[in-house]
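Subject: Structure handover

Hi,

Here is the structure I promised you. Please open it first, then read on for what was found in it.

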Amino acid sequence: MLKQTEGSQAVAEAVALCRPEVVCAYPISPQTHIVEGLSRLVKSGALAPCEYVNVESEFAAMSVAIGASAAGARAYTATSSQGLLYMTEAVYNAGGLGLPIVMTVANRALGAPINIWNDHSDAMSQRDSGWLQLYAEDNQEAADLHIQAFRIAEELSLPVMVCMDGFVLTHAYERVDLPSQRQVDAFLPPHTPSQVLDPDDPVSIGAMVGPEAFTEVRYLAHLRHLRALEVVPKVAAEFAAAFGRDSGGLVRPYRLDDAETVIVAMGSVLGTLKDVVDERRAHGERVGVLAITTFRPFPFAAVRRALRGARRVVVLERTLAVGVGGVVTDHVRAALADAAPEPGGAVPYLRTVIAGLGGRPVTTASLHGMLDRAVTDRLDPLTFLDLRHDLIEREARRERAAERV
């Protein structure tokens, strides 16, 4: 059903259509509206049977989700920013145990300094936790990815994080087409856990593993993640066939056929980037966009194929690895390093642009300025978009004045 709704409410309704049996919740902006929406659905009886568990912290939320999933329930929670950091120990446990929990991360900057607005610092901090990470471009995709996430998680017995930009998407009202319960039931069968705690057939889950087998356990987890590179596009294709919408998958090219300059990005900034690319294409410029939907596991081969033929690659990052630069860039560089140059060609020149940290708007004017420099090979290896040099110089003067010689 097509309706004008807030992104958080659309996600809450999409999650409810997946029939979670346990929802554990601790509020933190900007994800609060999602668990509030689910609480109303549980209380009204629209989502039943479902145990809605109010907990005292994010650590408890993930711990309850782990217990519920280990007992065989379809489990869900949501968090953001420092809340995700607070549950980190349990996040790694869920990943290591291979429990098919689905969690929404309403992406928000990490402190300090305190900032409640959007970037990708929170989810990026958990990139090696053993969770799959899917990134939504808009609210329709956010809703669709949750339906796919439960299916992917349960096929692989791995937890899945669906990342949607805080406030930019969670609090934005858009038209979202939510499927019927019958459609979702046909796409997502009842959960049959591959491992479950059963008093009648007792097993140990999460037992201690010593040096004699720890590497093998981690290797098996690595293999399960590599399987996701096949399962994620398969589920996306089945979703498209069932619902008539192309969403999810590993990567999504936009006007790449003859693109010489390609911008790689994730999340809601893709909409603005596509508008900019359309404007420049109208003037004959060969530019395109590559959206990365699945960041974990990273789709090296798909990225390599998509960037074949590009002369320049600009990675637009919504997070900063302090003292290093971009996180996604290193992955793109690794993908390109394995690429054999086209006959007569060369490895494309690769640039990193840090943009939109802490919710700073990424405007079309700024992106045009960035592309003006990129297409003429004048873009620095690491660029901070719209950096306020006046603030930096003022702070530098203050620090120099405070120096003790």
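A salt bridge here is a side-chain nitrogen of Lys or Arg within 4 Å of a carboxyl oxygen of Asp or Glu. Keep that cut-off in mind for what follows. Please also note that this is a predicted model.

**Salt bridges**

The structure holds 22 salt bridges. Start with Asp-177 and Arg-245. Their closest N and O atoms are 3.2 Å apart, so the pair falls within the 4 Å cut-off. Asp-177 sits in strand β8, residues 173-177, while Arg-245 sits in the loop between α9 and β9. The pair therefore ties together parts that are 68 residues apart in sequence. Are the two partners buried or exposed? Asp-177 is partly exposed, at 27% relative accessibility. Arg-245 is buried, with a relative accessible area of 15%.

Next, look at Arg-286 and Glu-260. Their side chains form a salt bridge, 3.4 Å from N to O. Arg-286 is in the loop between α10 (269-281) and β11 (287-292), and Glu-260 is in the loop between β9 and β10 (261-265). The two residues are 26 residues apart, and the pair links distant parts of the chain. Arg-286 counts as partly exposed, at 39% relative accessibility. Glu-260 is partly exposed too, with a relative accessible area of 24%.

Glu-238 and Lys-234 both lie in α9, four residues apart, which is about one turn of the helix. Their side chains meet in a salt bridge of 3.6 Å, N to O. Glu-238 is partly exposed, with a relative accessible area of 32%. Lys-234 is partly exposed at 35%. This pair also belongs to a network of salt bridges that links Arg-151, Glu-155, Lys-234 and Glu-238.

**The two domains**

The chain is divided into domain 1 (2-243) and domain 2 (251-391). Their centres, taken over C-alpha atoms, are 28 Å apart. How many residues of each domain are in contact with the other? In domain 1 there are 26, and they touch 24 residues of domain 2. Together the domains bury about 1,900 Å² between them, with 55% of that on carbon and sulfur atoms.

The rule finds 14 residue pairs in polar contact across this interface. On the domain 1 side, the elements that give two or more residues are α6 (121-124), β6 (132-135), α7 (139-156) and α9 (214-243). By class, that side has 14 nonpolar, six polar and six charged residues. Three salt bridges are counted between the domains. Arg-296 and Asp-128 also form a salt bridge through their side chains, at 3.1 Å from N to O.

**Two residues to look up**

Find Gln-133 in strand β6. Gln-133 is buried, with a relative accessible area of 0%. Among the residues Gln-133 touches are Arg-127, Met-161, Phe-295 and Arg-296. Thr-272 lies 139 residues from Gln-133 along the chain, and their C-alpha atoms are separated by 22 Å.

Then find Ser-247, in the loop between α9 and β9. Why does Ser-247 count as buried? Its relative accessibility is 2%, and buried means under 20%. The side chain of Ser-247 makes a polar contact with the side chain of Gln-148, at 3.1 Å. Ser-247 also touches other residues, including Glu-141, Asp-144, Phe-239 and Arg-252.

Best wishes

Definitions and conventions. Residues are numbered from 1 along each chain as its sequence is written. This is a predicted model: local features need pLDDT of at least 70, side-chain atom pairs count only at pLDDT 80 or more; totals for chains, interfaces and linings use all residues. Side-chain values use heavy atoms; hydrogens and water are left out. Domain bounds come from an automatic or database domain assignment. Contact means heavy atoms within 4.5 Å. Buried area is the accessible area (1.4 Å probe) that two parts lose on being put together, summed over both. A polar contact is a pair of N or O atoms within 3.5 Å; within protein, one must be able to donate a hydrogen and the other to accept it, and residues adjacent in sequence count only if both atoms are side-chain atoms. Ala, Val, Leu, Ile, Met, Phe, Trp, Tyr, Cys and Pro count as nonpolar, Asp, Glu, Lys and Arg as charged, and the others, Gly among them, as polar. Buried means under 20% relative accessible area, exposed over 50%, partly exposed in between (1.4 Å probe, protein chains only). Lists of a residue's contacts leave out its neighbours within four places in sequence.
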